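Thanks for sending this one over.

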Amino acid sequence: MRVGRVLLGNPVVAASGCFGFGAEYGEVYDISRLGAICTKGLTLRPRAGNPPPRLWETRCGLLNSIGLDNPGVEAFLREELPRLKRTGAVVIANVWGASPEEYEQVVQALASSPVDAIELNLSCPNVPGNGIPGRDAAATAEVVGRARAVARGKPLWAKLPPEAPAGLVAVAQAAQEAGADAVCAANSFPALAVDIRTGRPVFANVVAGLSGPAIKPLALRIVYELSREVDIPVVGIGGITTWEDAVEFIMAGAHAIQIGTANFLDPYAGPRIVDGLRAFMEARGLGSWEEIRGCAHR
Ligand code: DHB
């Protein structure tokens, strides 16, 4: 199957930030069984990330405030990518920049590498300042346009936040017009936890990103709406934990889905969902996902 120009063995992708660079999961199963792997967000220079605590469990969800802890794009290209490619996995490099220029520089560094696609993280909830271009159509168009100009034909996916003041549809359309090959929806939801022992927010940054089963119906609604309003593929993300969840996203219009927090609950979540989807296709006699994609709209 394909997501635009990216050829995948199946529609199940490991979501950025929940799979590292695949090394740890690679000790547990053959990670090329997944459709693709999205790397942790890469920046131009190494980043140490936010001070602890960085994770906080909620009922049915997980709050994170990692702060883009990563070794930087050059160390990724040198030390992680060769090993990751040797596994046979399809590799999608997730990119974040503190400015449009930084996005452009990181994409440029990846453009002549063997990554299979680039996912622009337009929606990191955990960095102060102007970190979420995906909340605004013009800012999204600028980042995607600059990335497109230097990406040398690499497929570009735009990962959107769950909310935008003037509406997410306008942002997704701006990404499409600026040259994105797909939109990924959605990133974690801005959320809060207060530590009742101290009376203070749990996280130094106050607001953190909520993921996990709690957000699944919210993300599903976003995918349903976006897939009606854009012509490029939509990749569904948000709380997917079972193959049944994945089928819901495909029926709502998703071309592929990403598994994030579920990897922490069960390291086998990815292959379990791949196998479940395969069994579902066989039981239904489906020749391809096209036969049911978006059926919830009809
Ligand atoms: C981080 C968290 C996210 O949800 C995201 O999309 C990107 C980065 C982080 O804190 O590192």
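**Notes on the barrel and its ligand**

1. Let me start with the overall fold. Eight strands close into a barrel, with parallel pairing, and their order is 3-4-7-8-9-10-15-16. From one strand to the next, the twist averages 25°. Please keep in mind that this is a predicted model.

2. Strand 7 covers residues 91–95 and strand 8 covers residues 117–121; the two pair in the parallel sense over four bridges. If you want a landmark here, find alanine 93, which stands opposite isoleucine 118 in strand 8.

3. Next, the helix on this part of the barrel. Helix 4, made of residues 137–150, lies across strand 8 and strand 9 (156–159). Relative to strand 9, helix 4 runs at about 160°.

4. Now to the ligand. Which residues surround the ligand? They are Lys40, Asn64, Ile66, Gly67, Leu68, Asn121, Cys124, Pro125, Asn126, Asn187 and Ser188. Asn121 in this list also falls within the residue range of strand 8 (residues 117–121).

5. Isoleucine 66 places a backbone N or O atom 3.0 Å from an oxygen atom of the ligand, and for leucine 68 a backbone N or O atom lies 2.5 Å from a ligand oxygen atom. Asparagine 126 instead uses its side chain: a polar atom there lies 2.7 Å from an oxygen atom of the ligand. On its own the ligand has 290 Å² of accessible area, and the protein covers 90% of that.

Technical notes. Residues are numbered from 1 along each chain as its sequence is written. This is a predicted model: local features need pLDDT of at least 70, side-chain atom pairs count only at pLDDT 80 or more; totals for chains, interfaces and linings use all residues. Side-chain values use heavy atoms; hydrogens and water are left out. Two strands pair if DSSP finds at least two bridges between them. Axes are lines fitted to C-alpha atoms, for helices over the stretch in contact, and angles run from 0 to 180 degrees between N-to-C directions. Contact means heavy atoms within 4.5 Å. A residue is near a molecule or strand if one of its heavy atoms lies within 4 Å of it. A polar contact is a pair of N or O atoms within 3.5 Å; within protein, one must be able to donate a hydrogen and the other to accept it, and residues adjacent in sequence count only if both atoms are side-chain atoms. Accessible areas come from the Shrake-Rupley method with a 1.4 Å probe; for residues, only the protein chains shown count as cover.
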